[in-house]
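This report concerns selected local features of one protein model. The sequence and the structure are shown first.

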Amino acid sequence: MKSDIFASENMAQQATAPGMTLQNSKSVKYAVNGEMYARQGSMIAFRGNLQFERKGQGVGGMFKRAVTGEGLPLMVVRGQGEAWFAQEAANCFIIDLEQGDGLSVNGRNVLCFDASLSYEITMTKGVGIVGGGLFSSTFSGYGRLGVICEGTPIVIPVSPQLPVFVDTDAVVGWSRGLHTSLNRSQSFGSMIRGGSGEAVQLRLDGEGFVIVRPSEATPHKPTQN
């Protein structure tokens, strides 16, 4: 049988070391030897002896109920084997975190991560319900994090002299240590008259960077599992 679909770049190869790698721009491959964490419903294929367990309320930081901004919980993957993860053909990126690093990621942009990373799920300070109830997952420690982004992301530096304002539906993540607050860019009178559709934004102050996607988020149907 012959076809371009069998090109070498499309063929899955046996992993030579445990951990996370990019299969291609739309999917992440994880060679599991123990356990790792992934977005519920994001597994598209696996081989080997793996078990997938939905994470519920438990004891300790890695056993808490982890809910993303879309209301999708995480799952733990245990065993020995290989698994592939993706989310609606979004672009995938791997971020290497080292000791001292910290990254807050919008819950809907988390795909998978090493069990060695610590994380904390919180509602973004200063946003709350008015800003869409934006949840972020703050990762720290040493390990790899897989994130997704619809389209090519834009990374914007933040400095004390130049705060950055981003649409809460477009933000992917930001470096730890930045101060977040809600910014209102419309007057009450403008909102009454119909407004511009850009009434509030997430304001980031401090020293670091923010990652945004080149479009606003669209409503997401909950995963059924």
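Predicted model: local features only at pLDDT ≥ 70, side-chain atom pairs only at ≥ 80, totals over all residues.

**Aromatic pairs**

A pair of aromatic rings is described by the distance of the centres and the angle of the planes. The model holds 5 aromatic pairs. In one of them, the ring centres of Tyr 37 and Phe 113 lie 5.5 Å apart and the planes meet at 10°, so this pair is stacked; the cut-off for stacking is under 30 degrees. Because Tyr 37 belongs to strand β2 (residues 27–39) and Phe 113 to strand β7 (residues 110–114), the pair ties together parts that are 76 residues apart in sequence. Tyr 37 and Phe 113 also belong to one aromatic cluster, together with Tyr 119 and Phe 139.

**Accessibility of selected residues**

Relative accessible areas are listed here for four residues from the features discussed in this report.

| Residue | Relative accessible area | Class |
|---|---|---|
| Tyr 37 | 1% | buried |
| Phe 113 | 0% | buried |
| Gln 23 | 18% | buried |
| Glu 88 | 60% | exposed |

Gln 23 counts as buried because its 18% falls under the 20% limit.

In soluble globular proteins, nonpolar side chains tend to be buried together. The largest nonpolar core of the model comprises 16 residues, and Met 36, Phe 85, Leu 111 and Cys 112 have the most contacts inside it. Two or more residues of this core come from each of β2, β4 (74–85) and β7. Strand β2 supplies the largest share, 5 residues. Another core, apart from this one, has 14 residues, including Leu 74, Leu 97, Val 110 and Leu 145.

Beyond its neighbours within four places in sequence, Cys 112 is in contact with Met 20, Val 28, Met 36, Tyr 37, Ala 38, Phe 85, Leu 145 and Gly 146.

Gln 23 is part of strand β1 (residues 19–24). Its side chain makes a polar contact of 2.9 Å with the side chain of Trp 84. When neighbours within four places in sequence are set aside, Gln 23 is in contact with Glu 9, Asn 10, Met 11, Ala 12, Val 28, Lys 29 and Trp 84.

**Backbone angles between β4 and β5**

Most residues other than glycine have a negative phi, and most peptide bonds are trans. Glu 88, in the loop between β4 and β5 (91–97), has a positive phi near 50°. Ala 89 is located in the loop between β4 and β5, and its phi is positive at about 60°.

How values were computed
Residues numbered from 1 in each chain as written. Heavy atoms only, no water. Helix = DSSP H or I, 4+ residues; strand = E, 2+ residues; numbered from the N terminus. Buried < 20%, exposed > 50% of the residue type's maximum accessible area, 1.4 Å probe, protein only. Polar contact = N/O pair within 3.5 Å; in protein donor to acceptor, adjacent residues only side chain to side chain. Contact = heavy atoms within 4.5 Å. Phe/Tyr/Trp six-rings, centres within 6.5 Å; stacked < 30°, edge-to-face > 60°. Core = buried A, V, L, I, M, F, W, Y, C linked by side-chain atoms within 4.5 Å.
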